[in-house]
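Student: I would like to learn how to read a protein structure. Please take me through one, feature by feature.

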Amino acid sequence: MQFTITTPDGESRLHLAPVTRLLASGFELWLHANPAFQGRIHRDPDLADQPLIRFTLAHLLMEERSFDMLAGDTHGPH
């Protein structure tokens, strides 16, 4: 699943979630229903087709055993 989230300042980041289609569907429903993200989620199925992104994803999927939804969180443990 690949999408961008636009910040109130108009900046966006690419988010890649290596999950099953079922989990991606549920996660997408949750994102669109969550008031904090409404109108800020932009899904583009072609985002991951860029060669550098494909190479990075292939490397991650071969090296990592599990993924955490807090990956990249700079706030530390709660």
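The dialogue below goes from the overall layout to single residues.

Student: What should I know before starting?

Tutor: This is a predicted model, in which local features need pLDDT of at least 70 and side-chain atom pairs count only at pLDDT 80 or more, while totals for chains, interfaces and linings use all residues. Residues are numbered from 1 along each chain as its sequence is written, and side-chain values use heavy atoms, with hydrogens and water left out.

Student: How many helices and strands does the protein have?

Tutor: Helices (H or I, at least four residues) and strands (E, at least two) are DSSP runs, numbered from the N terminus. The protein has 2 helices and 3 strands, and from the N terminus on the order is β-β-α-β-α.

Student: What is the order of the strands in the sheet?

Tutor: Strands of a sheet pair through backbone hydrogen bonds, either parallel or antiparallel. Two strands count as paired if DSSP finds at least two bridges between them. Here the order is S2-S1-S3, in an open sheet with antiparallel pairing. Strand S2 (12-16) and strand S3 (41-43) are the edge strands, each pairing on one side only. From one strand to the next, the twist averages 30 degrees; axes are lines fitted to C-alpha atoms, for helices over the stretch in contact, and angles run from 0 to 180 degrees between N-to-C directions.

Student: Over how many bridges do S1 and S2 pair?

Tutor: S1 and S2 pair over 5 bridges, in the antiparallel sense. Thr-4 has Leu-14 in S2 as its bridge partner. The hairpin of these strands has 5 residues between them, and Gly-10 there takes a positive phi near 90 degrees. Strand S1 (residues 2-6) also pairs with S3, over 3 bridges, and Phe-3 stands opposite Arg-43 in S3.

Student: Which residues make up the largest nonpolar core?

Tutor: Start with burial: buried means under 20% relative accessible area, exposed over 50%, and partly exposed in between (1.4 Å probe, protein chains only). A nonpolar core is a set of buried Ala, Val, Leu, Ile, Met, Phe, Trp, Tyr and Cys residues joined through side-chain atoms within 4.5 Å. In this protein, buried residues make up 17% of the 78 residues. The largest core has 7 residues: Met-1, Phe-3, Ile-5, Ala-17, Ala-24, Leu-31 and Ile-41. S1 and H1 are the elements that give two or more residues to this core.

Student: Which residues does Met-1 touch?

Tutor: Contact means heavy atoms within 4.5 Å. Leaving out residues up to four places away in sequence, Met-1 touches His-15, Leu-16, Ala-17, Ala-24, Phe-27, Glu-28, Leu-31 and Arg-43. Met-1 and Pro-18 are 17 residues apart in sequence, with their C-alpha atoms 6.3 Å apart. Pro-18 is in the loop between S2 and H1.

Student: Is Asn-34 buried or exposed?

Tutor: Asn-34 counts as buried, at 18% relative accessibility. This residue is found in the loop between helix H1 (21-33) and S3. A polar atom of the Asn-34 side chain lies 2.9 Å from the backbone nitrogen of Ala-36.

Student: What span does helix H2 reach?

Tutor: The expected span of a helix is 1.5 Å times one less than its number of residues. Helix H2 (residues 51-63) has 13 residues and reaches 18 Å from its first C-alpha to its last, close to the 18 Å expected. H2 is hardly covered, with a count of 1 buried residue among its 13.

Definitions and conventions:
A polar contact is a pair of N or O atoms within 3.5 Å; within protein, one must be able to donate a hydrogen and the other to accept it, and residues adjacent in sequence count only if both atoms are side-chain atoms.
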